[in-house]
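User: I'd like to learn how to read a structure like this one. Could you walk me through it?

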Amino acid sequence: MLETDQRQVPRSHAEKYELKTIWYWYPLYCLGGISFVAFIVLTITGILLGFFYVPDGRLEIDATSGNLTNPAWRSMLTIMNVIPFGFIIRGMHHWAAHIMIAAVFLHMCRVYFTGAYKKPRELNWLLGVVLMLITVLFGYSGYLLPANALSEGAANIGINMTRASPAIGDQLAILLFGDTNTLSGVYILRWYWVHVFILPLVGTGLMVLHMGLVWLQGVAEPH
Amino acid sequence: MQIEYVKGKIMEGRQSGFPRQYGPERSDHQPGIPLFPQEATRDLVVTFILVAMMFFLSAFVTPFLGPARGPQLSELIVPDWYLLFSWGLLKVADIFPQFTIGQGTPLKTEFSAAFWGDLLSGIPVIFLLILPFIDRGREARPAKAPVRSAFGLAFLIAWIFTSSLYSIREVVAQRWVSPNGAALIPDFTMKWFFIIPPVLVGLTSYIALRRLGYQPMRRWLVPYVAGLAAIVVAQSAWILFDPAGLGVEARPFTVEIAIALGIIAVPTVAVAAAVLLAPESTARKVSTWAGALGLIGFLAFYGGVAYLDQPRALGWVLSVLWPNMNTLVLIPMFAVLTAWLGTRRPYSTYEYLLNECYQCGKCHTVCPVTKVEDDALGGLNLVYNTFKKQHDGVPLWTCLACDACSAVCPLDIQYSDYILEERAKVHARMAADGGQRE
């Protein structure tokens with residue numbers, strides 16, 4: 001067992017070799033951590049939202065107003081208007097998602113411009129690229145879920161882009177969105193499961209690997 | 001006798017071979033920052049600030065829910081900002097030829113606008129996946145890897161910035177219109193945004209970063225800046241003198257338009273002439289002044305015309321400038337900026353280069369001065385400590401500038417250049433003080 005004063009995070013290159021710090025790079029080294037903090041906030045608020053959200057996008061006609069509605073959108077109304085602090089929880093989930101995506105993108109820019117993807121960190125860079133795609137998919141699936149006009153537009157773009165792939169386009173669209181158009185609203189359930197199970201499972205695993213490799217290989221600084 | 005003295009000094013208190021210790025037995029171990037409480041406190045502060053920001057945003061900028069989904073799509077679909085780039089690439093994809101290959105086979109591929117959009121969105125992913133395997137060099141810093149840095153910036157401009165902008169082309173077309181109702185930033189101008197700004201950003205960054213590493217960049221600057229100036233002059237002349245250049249409705253405002261084009265073209269031409277003919281220091285001053293005066297002149301002109309604008313001249317001036325934004329607005333700005341960046345004196349480059357040192361100690365091992373200087377025997381690394389200002393001023397003057405240290409340096413740091421420059425600085429300060437020692 002290590003003594004308390006020997007337990008420490010891995011030293012950075014600059015600390016190890018007592019270099020004068022290249023100070024203007026340093027604020028950019030917190031971006032990976034910021035995306036991780038945002039991910040934790042997303043997990044907590046996501047668990048809370050999961051108690052009240054109904055992943056059912058099938059169209060219904062509202063009995064009183066005669067407007068089109070659906071259970072998913074109505075559960076969003078409940079979260080925003082009825083559940084105590086529901087709008088704050090949803091707001092946190094929304095803004096943490098934006099912060100996470102921005103931080104991941106800027107983190108990747110930092111890694112690119114400081115050449116931190118180079119040997120021996122190729123594997124971690126590839127993990128990072130996959131994690132960025134997962135983050136974007138998190139964002140995309142997340143804004144499909146409220147089943148509002150924005151979701152409908154985004155789902156249409158997604159379905160059309162998927163259907164444009166050669167040979168297996170339609171089959172792929174049916175696999176990912178449940179249909180080749182948005183009418184049935186099945187895409188809400190599909191992407192709900194992707195958003196709350198598949199992506200968190202794969203994403204968390206890869207994040208642990210990503211950070212473990214940083215721990216083992218050390219922080220790559222421009223030197 | 002002297003040789004024996006030197007030999008004795010070399011071996012005194014030293015083991016043969018490499019002098020530094022490595023591994024767990026290292027006695028000069030420098031601990032890092034402890035996880036608790038130092039690192040933990042710092043991380044908690046950052047976490048709290050971040051969470052506070054999220055609370056603030058969610059309380060005051062509540063996310064919009066909007067109407068429930070229905071089969072009726074709104075006219076303008078705008079996805080979240082981080083997918084705008086893909087949406088923009090999808091919209092610009094209709095410039096590509098559309099055809100079908102493999103008709104009648106299971107692998108039938110339809111090159112529709114949507115498929116081209118898919119391919120364009122996939123390019124960055126493929127590029128990112130193969131990046132570590134195509135860029136195998138060891139240089140990490142942006143200034144040491146100017147091609148990678150310039151390419152990265154150009155790529156960001158084209159694939160992220162311009163394509164995101166292009167995804168809201170309908171908004172841009174409606175938002176800014178000329179006095180005759182045409183779009184001020186028409187579709188073809190926005191399509192050229194995919195080519196011209198990235199090329200300008202890439203070349204300018206390349207020139208500026210190479211200059212940061214003390215490279216003489218005139219061979220790049222002359223064709224680049226002169227070429228840009230020629231484009232601006234040719235375009236301005238065409239607008240003013242060709243019958244098809246100005247529309248019939250804009251012709252009554254030829255004088256105002258000519259003044260605006262002059263304010264844009266004159267500094268560009270002046271900078272190009274300075275880069276071509278004058279010494280570098282003069283070219284730098286000319287580019288500073290041309291940039292400042294050009295900007296002030298344009299703002300003064302804009303304000304003046306807006307103030308005196310009886311018959312709506314300003315709208316017509318802008319209706320000439322904005323559709324030609326790539327050539328008449330961006331190119332002059334980049335010409336002046338590149339000339340300035342490409343001729344400026346890089347700041348403290350030696351400090352920048354010496355930062356690469358990771359204290360392997362090879363320079364110390366070969367240094368002939370540390371072997372005979374009594375002061376230097378306590379493990380003093382002459383060059384590195386001079387750089388770190390951990391000396392009393394003596395090592396700076398005892399260095400022979402023999403360059404043995406640079407010869408063995410694994411990072412190829414030119415130490416003696418640094419020593420000579422530091423000495424020159426001291427002399428310059430002495431000269432400035434009337435020959436008095438500090």
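User: How much of the contact in chain B joins residues at least 24 apart?

Analyst: Two residues are in contact if their C-beta atoms, placed from the backbone, lie within 7 Å. In chain B, take the contacts between residues at least 6 apart in sequence: 71% of them join residues at least 24 apart. Keep in mind that this is a predicted model, where local features need pLDDT of at least 70, side-chain atom pairs count only at pLDDT 80 or more, and totals for chains, interfaces and linings use all residues. Residues are numbered from 1 along each chain as its sequence is written, while chains are lettered from A and ligands numbered from 1 in the order in which they are written.

User: What share of chain B is buried?

Analyst: Buried means 20 or more other C-beta atoms within 10 Å of a residue's own, again placed from the backbone. That applies to 29% of the 438 residues in chain B.

User: And which residues have the most contacts inside the largest nonpolar core?

Analyst: A nonpolar core is a set of buried Ala, Val, Leu, Ile, Met, Phe, Trp, Tyr and Cys residues joined through C-beta atoms within 7 Å. Here the largest has 109 residues, and Ala38(A), Ala96(A), Met100(A), Val225(B), Val271(B) and Ala335(B) have the most contacts inside it. Ala335(B), for one, touches residues including Val225(B), Leu228(B) and Val271(B).

User: How many residues does each chain give to the contact?

Analyst: Chain A gives 68 residues and chain B gives 59.

Terms used. A residue is buried if 20 or more other C-beta atoms lie within 10 Å of its own, exposed if 12 or fewer, and partly exposed in between; C-beta atoms are placed from the backbone. Lists of a residue's contacts leave out its neighbours within four places in sequence.
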